[in-house]
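Here are my notes on the model, point by point. Please read them with the coordinates open.

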Amino acid sequence: MKDLSRALKKHGMKMKVFALVDDTIGGLAGGRYYNKDNVAAITLGMTTNAAYVESELAQSPNSDELIISMEWGNFRSSHLPLTPFDTSLDAESSNPGSGIFEKLISGMYLGEIVRLVLLKMAQETALFGSNVPPKLMTPYSLRSPDMAAMHQDTSEDREVVSEKLNEVFGITSSSPMAREFVAEVCDIVTERGARLAGAGIVSIIKKLGRIENKRSVVIVEGGLYEHYRIFRNYLHSSVWEMLGNDLSDNVIIEHSHGGSGSGALFLAAAATHTHKKSEDS
């Protein structure tokens, strides 16, 4: 941070850097300011991360708490439900072998998993006719907002699905059955991602030993959680299912209060106050 402050000074900017904060840490700081029961924050957008408050590892004389940024997108395990589509996505990505958990649950990759499944179905079952639509072979052509729009289409004939297939893949004609298959693939991929994210949340609360006798608030921010209603519902229901009726009331999942920006302001203010106190003493 000192180097950054010196660089700002060199360019004539009267600024000092007291804190460098990413979205998840900022979200947790903001949530913690409003509610002391807020023990964790999750980012679920194009990328993903998690952070939580740890008291046993704190070493600062100014606080008995420490924030742990998990970088959980890099989590990998033989127990993760990987499919050949996930393996293919990872192999063709810019970081093969890394970010496995992120590639299962974040908005950057959900649409691509759906595209790979639809491509396989088109090649083997002529889902969209005798010829495979050329645009269906374009990596990352299906974005999560378009996937969400198809998934959340409640019209009788899946009109939104038809529109998005045309808009994204150039598929001008699709059967009602094909459109139902598309919506079902979106549902399967979404539910898996949301349940894995929910399992991550439950594991954090278990690690903190707060499930049975303490109220714990987890804030979530990011476009995937905020705008993808079915993903959000699957996330909540999976946490309730894993905890059971007796314990589910102890864990509250909320949308972020003011986002990470407010938390960054609080941290900067606290760091500035601590810095001034040290200068005065």
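Which residues does leucine 44 touch, not counting residues up to four places away in sequence?

1. The model is a predicted one. In it, leucine 44 touches Ile105, Ala197, Val220, Glu221, Gly222, Gly223, Leu224, Tyr225, Phe231 and Leu235, leaving out residues up to four places away in sequence.

2. Next, the nonpolar cores. The largest nonpolar core has 59 residues. Within this core, Ile42, Leu44 and Phe128 touch the most other members. Helix H8, residues 176-207, gives the most to this core: 12 residues.

3. Take the E2 and E3 pair. Strand E2 covers residues 48-54 and pairs with E3 in the antiparallel sense, over 4 bridges. Glutamate 54 has leucine 66, in E3, as its bridge partner.

4. Glycine 31 lies in helix H2. Is glycine 31 buried or exposed? Glycine 31 counts as buried, at 1% relative accessibility. The cut-off for buried is under 20% relative accessible area. Not counting residues up to four places away in sequence, glycine 31 touches Asn38 and Ile219. Glycine 31 and serine 256 are 225 residues apart along the chain, yet their C-alpha atoms are separated by 6.8 Å.

5. Check asparagine 49, in strand E2. Asparagine 49 is buried, with a relative accessible area of 6%. With which side chain does the side chain of asparagine 49 make a polar contact? The partner is the side chain of serine 69, at 3.1 Å. Beyond four places in sequence, the residues that asparagine 49 touches include Asp22, Thr24, Ala41, Ile42, Ser69 and Trp72.

6. Threonine 48 is also worth checking. This residue is found in strand E2. Threonine 48 is buried, with a relative accessible area of 6%. The side chain of threonine 48 reaches the backbone oxygen of threonine 43 at 2.8 Å. That side chain also makes a polar contact with the side chain of tryptophan 72, at 2.9 Å. Neighbours within four places in sequence aside, threonine 48 is in contact with Thr43, Trp72, Gly73, Glu102, Ile105 and Ser106.

7. Turn to helix H7, residues 159-169. Which residues of H7 are buried? They are Val161, Lys164, Leu165, Val168 and Phe169. Seen down the axis of H7, the buried residues fall within an arc of 105 degrees, so they line one face of the helix. An α-helix has 3.6 residues a turn, so residues three or four places apart point the same way. The buried residues of H7 pack against helix H5 (107-125), helix H6 (144-151) and H8. Glycine 170 follows H7, and the phi of glycine 170 is positive, near 70 degrees.

8. Last, arginine 232. This residue is found in helix H10, residues 229-243. Arginine 232 counts as partly exposed, at 22% relative accessibility. A polar atom of the arginine 232 side chain lies 2.9 Å from the backbone oxygen of glutamate 226. Not counting residues up to four places away in sequence, arginine 232 touches Tyr225, Glu226 and His227. The C-alpha atoms of arginine 232 and glutamate 191 are separated by 9.5 Å, and the two residues are 41 residues apart along the chain.

Conventions:
Residues are numbered from 1 along each chain as its sequence is written. This is a predicted model: local features need pLDDT of at least 70, side-chain atom pairs count only at pLDDT 80 or more; totals for chains, interfaces and linings use all residues. Side-chain values use heavy atoms; hydrogens and water are left out. A nonpolar core is a set of buried Ala, Val, Leu, Ile, Met, Phe, Trp, Tyr and Cys residues joined through side-chain atoms within 4.5 Å. Buried means under 20% relative accessible area, exposed over 50%, partly exposed in between (1.4 Å probe, protein chains only). Helices (H or I, at least four residues) and strands (E, at least two) are DSSP runs, numbered from the N terminus. Contact means heavy atoms within 4.5 Å. Two strands pair if DSSP finds at least two bridges between them. A polar contact is a pair of N or O atoms within 3.5 Å; within protein, one must be able to donate a hydrogen and the other to accept it, and residues adjacent in sequence count only if both atoms are side-chain atoms. The arc is that of the directions from the helix axis to the C-beta atoms.
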